[in-house]
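Hello,

Here is the structure I promised to pass on to you. Please open it beside this email, and then read on for what was found in it.

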Amino acid sequence: MSGETQPVAVLTREPLHHVAAEAAPSEEPDPEPAPPMRRALKSRLPKNPFLRWGLYVLAFLVAWPIVGTLIYAVVPPPITNIMILRALSGNGIDKQWVSLDDMSPWLARAVISSEDARFCEHNGVDWIELQGVIDDAMDDGEAPTRGASTIAMQTAKNLFLWDGRLAIRKLIEIPLAMWIDLIWSKRRTIEVYLNIVEWAPGVYGAEAAARHHFRKPAKKLTKKEAALLAAVLPNPLRRNAGKPSKGVRAVANRILIRMTGMGPYLTCLAR
């Protein structure tokens, strides 16, 4: 079959470097697109840097009380908003953290008797007392003359908020107090409160207060001294537990009477 035509192989003359260039992967891969959620968030932020940073600050102010409550469930608060505000106004900061076990048991009893008699029963907010304040205000047509702040609400104010009678602060206090009551035990709540509350200008916490007013540690406070300290809490900048006025002594005597029957209402403080 020599007459049959044989197939001929056709060779291309395309340069080898062209083939290599087509086969080789790119040394610089295309950047991955940002996730859709991140792109959406970034597009919604204001382009003005001042507004953007304002939003960041606002987000921090909202998140910090929530996160701070979780942290302070196990860590002593190093400082509070009230301490900072008082320091800016010229007062010093005299404080020393001690555990509830290192305080006289009379102190917690006196403060609860004076400030929050239903401390062990409510969820951070005394709705019965709060309703009474609202009813009094509606009946009189004037601002209420008594408060309904619980120890959890006062703790929230001292830690994260500010002093004063603005209604907006009260509205913020209520959910924060309920959050604190949800995360902390009652024992932890009173322990933190007694360590951060102000008992004289620039004097914070039971230990500093006991040494400032009575020249002794908080563990050695007597029942009467505990009542005197509780009596100054509504206005520690003007009232003096170590040198009590006639009015302060009268308030302390009423607290002493209340303390007598408070035992059954303090079971939440037991370990």
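Let us begin with T189, which counts as buried because its relative accessibility is 1%. Buried here means under 20% relative accessible area, exposed means over 50%, and partly exposed is in between (1.4 Å probe, protein chains only). T189 lies in helix α9. Leaving aside neighbours within four places in sequence, T189 is in contact with F119, I151, A152, T155, I180 and W184. A contact means heavy atoms within 4.5 Å.

A word on what you are looking at: this is a predicted model, in which local features need pLDDT of at least 70 and side-chain atom pairs count only at pLDDT 80 or more, while totals for chains, interfaces and linings use all residues. Residues are numbered from 1 along each chain as its sequence is written, and side-chain values use heavy atoms, with hydrogens and water left out.

Now the overall picture. The protein's secondary structure comes to 12 helices and 3 strands. These are DSSP runs numbered from the N terminus: helices are H or I with at least four residues, and strands are E with at least two. Of the 271 residues in the protein, 37% are buried. If you take the contacts between residues at least 6 apart in sequence, 68% of them join residues at least 24 apart. The protein exposes about 17,100 Å², and 61% of this is supplied by carbon and sulfur atoms. Accessible areas come from the Shrake-Rupley method with a 1.4 Å probe, and for residues only the protein chains shown count as cover.

Back to helix α9, this time with a partner. Two packed helices are described by the angle between their axes and the distance between the axes. The axes of α5 (residues 105-115) and α9 (residues 186-196) come within 11 Å and cross at roughly 90 degrees. That makes α5 roughly perpendicular to α9. Angles of 65 to 115 degrees count as roughly perpendicular, under 35 as roughly parallel, over 145 as roughly antiparallel and the rest as oblique. The axes are lines fitted to C-alpha atoms, for helices over the stretch in contact, and the angles run from 0 to 180 degrees between N-to-C directions. On the α5 side the contact is made by L107, A108, V111, I112 and E115, and on the α9 side by I190, Y193 and L194.

Next come the salt bridges, of which the count is 13. A salt bridge is a side-chain nitrogen of Lys or Arg within 4 Å of a carboxyl oxygen of Asp or Glu.

Salt bridges that share partners join R86, K157, D163 and E198 into one network. Within it, D163 pairs with R86, with their closest N and O atoms 2.8 Å apart. D163 lies in the loop between α7 (151-160) and α8 (167-183), and R86 in helix α4 (residues 81-88), so this pair ties together parts 77 residues apart in sequence. R86 also meets E198 in a salt bridge, at 2.7 Å from N to O. Because E198 lies in strand β2 (residues 198-200) and R86 in helix α4, that pair ties together parts 112 residues apart in sequence. D163 is partly exposed at 34%, R86 is buried at 15%, and E198 is buried at 4%.

Enjoy exploring!
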